[in-house]
Amino acid sequence: MKALRNFVDKIKPTFSKGGKLGFLHSTFDAFETFLFVPNTVTKKGAHIRDSIDLKRTMTIVIIALVPALLFGIWNTGYQHNLATEGDMTFMQMVLHGLIKVLPMVIISYGVGLGIEFASAQIRGHEVNEGYLVTGMLIPLIMPVGLPLWMLALSVAFAVIVGKEVFGGTGMNIWNPALVARAFAFFAYPSYMSGDKAWISGLLKGEGIVDGFSGATPLANAQAGLEIPSFQDMFLGLIPGSVGETSTLAVLLGAIILLYTGIASWKIMVSVFAGGLFTALFINMIAPPDTYMALPAWNHLVMGGFAFGAVFMATDPVTASQTERGKWIYGFLIGFLVIIIRLFNPGYPEGMMLAILLMNTFAPTIDYVVVQRNIKRRLNRAIIK
Amino acid sequence: MSDHIRLRRGLDIPLKGEAKTQITKTISPDSVAVKPADYKALNARLLVKEGDKVKAGTPVLSDKKSPYIKICSPISGTVAQIVRGEKRRLLEIIIESDNNNEQEEITVPNPKSASREEIIETLLNSGLWACLKQRPYGTIPDPGIEPKAIFISGFDTAPLAPNLDFTLKGEIESLQSGIDVLSKLSQGGIHISLHASNYASSPMHRLDKVIIHSFDGKHPAGNVGVQIHHISPVNKGETVWTLDMQCVVYIGRLFLKGVYDLRKIVAVTGPRAKHPAYIETLPGMNFKEIKGFADIQKREEYSEELPIRYISGNVLTGDNVGANGHLGFFHNQVTLISEGNYYEMLGWVKPFRLRKFSISRSYFSWLFPKKKYSLDTNVNGGERALVMTGVYEKVTPMDIYPMHLIKAILAEDVDKMEQLGIYEVIEEDLALCEFVCPSKTEIQEIVSNGIQLMIKEMS
């Protein structure tokens, strides 16, 4: 450890301001702080500080994403096997999934972090850790059939237009990962929806078995076709975006996030509650044998509902920032998802648009909540 | 009977080195320092020069705008040195003791019969007026304004804070005399807050002419600002006064015996204090006098000595004054902690780090609620944009949105600051937010800037 430290100390002047490679000091700093917790001590204010920092926070979120990622890798192989009626073993499925998913992860991190480093360099800031999570989220919410160059373009769009133009991490209005998905969704709709995008190989016309449909349960439900069993959907043995299919894997992540208190339980609970209540209400008034009559709990395990509720809606930067606001924000996301799913003929999934819409309105919700606090303070003055 | 207020939000930082309740040393300092920075927004004018003879109670500083506000020497002796910093800013006046303890003559009226004006005049002349603070802003009050009420906290919840029941138990007579004096200053009465756990056993429980409130909760429940917020919050245009229990003792001694006597009992605490205990001393004492408390340690992986930070005050709000620094006027506590100027390889990713404390469950310190930690001054991360939300609220037991207030201050939006409660907080009330902030934001500095801006805008 000491040798490495000495080495870092030796090359540090080269990368400091005024040094030969001084213009790279943000990059150097990012790697140095990655390797070592810096030796900075408190100068002003409180002399001791809590041990948590953003690196630790972001690491916890990435750990929470691991079950969904691993399941997604396996499921990619599993779905491919179903579609081609192959006889792949477990390991072959995992291998197939790895070959498909790993490049997505690498592209996402490579392109995204590249832009992050460059913009930190231009601004002279330290590199922010926010993208470590975004970079993992993006491949998990994309269909596996998406060509890598489209993924790269979406990532670049999300980081530049979705985040950096607002001032970087902490300043963005919309969840950057969802901006990437929205970009791909509207720019390349044929790769982001339909029956073929969700299973590897299908878009390239690799052998499809007669009678096999690669459509997601949501698309089937909307078309009035049969959907898989609740259990299959809960476990995630269905086509869909890489990491979103298994509600079980997502819930494992949710346990980590809730236990550590990194994500807001208020948002998670209220998204599920909003979705469930809205769907239950519509169930009550729905004509029988229609999509509207689909039992409410199915909505919670279909598509990206659970993944969105646990990992996307809870992004603290783009969510509501007041504790009361979080309840309203989450509930409205759940509500909107069901409304979009049931009453919009255009696309079967509503999670992405519901969260992006509520991201847009989160500041308004906060404004109302804070304004009530201000009013309380003013009224207090009148009473006395 | 009083009201009982229970605060659920807050945090007691489990720091090692609580002072044992016994006085192990009585110090008559050879020299003391008077520090203008102890008094917020004081625009100091120097009244003495090097070589001048002073007595205990001789004014050495006054305020440029309000010359009747004076700061006095705690001891008799000679002005040895005037220490100035950048731009000739006055930092310290060092006074060397002559060990005669000569007193400036002060005529005190009988508090029972004296009028409000007479009492104010005596406090101003004695220099004890500067003990008072006003809310909003925490500055020295204007004697021309009658406050809504006076608030005094009877307990301190800051990390390793001195036990006031112990330090003040011999001062009941002075306390009562001080209360008698203060009760002439405001129609709204004197509000004293005690901790619910030792409510009845506290010597302050027996004080007369006061309204007693009981509080239950973690830090910052002992902060007078938090208490005011729950008892009778400061609205726009209102003023309340606050002071420390110790300062009530000073005022009491002045009116009882006619002496300017600042002796107090101070806790020497912290993970690097060898035998943490109490000492009897004067404000302005040089830290050389407590050298014996410093616990010399070697760094584990290196052979060099592990440096100590000498803090006058507590770890959240105190001043880093160095081994030869001086005790602040309002500080009843010294804290010695390790400097954290070391690198830790991949520290943020290590799963356990059992020696680190965190309010967050991403570490495991919550599994050991009884464990005490030897925390150091490492920032534990880099400064970042504000990302996490809902963290500050957990340690702010007030109906205030700290994050929004901080953002209003950063935007210098005076109207919003006013609406969001800038009148109700001073730096110490939001110090815990600074401790817990994962983005390592310097919140106390931001609040301080906000208060300065308000003073400028409102004057």
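Strand 15 (residues 264–269) and strand 19 (residues 333–338) of chain B run parallel and are joined by three bridges. Here, strands are DSSP runs of E with at least two residues, helices are runs of H or I with at least four, and both are numbered from the N terminus. Two strands pair if DSSP finds at least two bridges between them. This is a predicted model, in which local features need pLDDT of at least 70 and side-chain atom pairs count only at pLDDT 80 or more, while totals for chains, interfaces and linings use all residues. Residues are numbered from 1 along each chain as its sequence is written, and chains are lettered from A in the order in which they are written.

**The sheet in chain B**
- B:Val268 stands opposite B:Val334, which belongs to strand 19.
- An open sheet of six strands has the order 2-16-15-19-17-18, with mixed pairing.
- At the edges are strand 2 (20–26) and strand 18 (319–320), each pairing on one side only.

**Where the chains meet**
- Chain B gives 63 residues to the contact and chain A gives 51 residues; residues are in contact if their C-beta atoms, placed from the backbone, lie within 7 Å.
- On the chain B side, helix 8 supplies the largest share, four residues.
- Strand 1 (residues 36–37) of chain A runs antiparallel to strand 20 of chain B, joined by two bridges.
- Within strand 20, B:Glu344 is the bridge partner of A:Val37.

**Domains of chain B**
- Chain B has domain 1 (31–97), domain 2 (107–257) and domain 3 (379–459), with bounds from an automatic or database domain assignment.
- Between domain 1 and domain 3, the C-alpha centres lie 32 Å apart.

Key. Contact = placed C-beta atoms within 7 Å.
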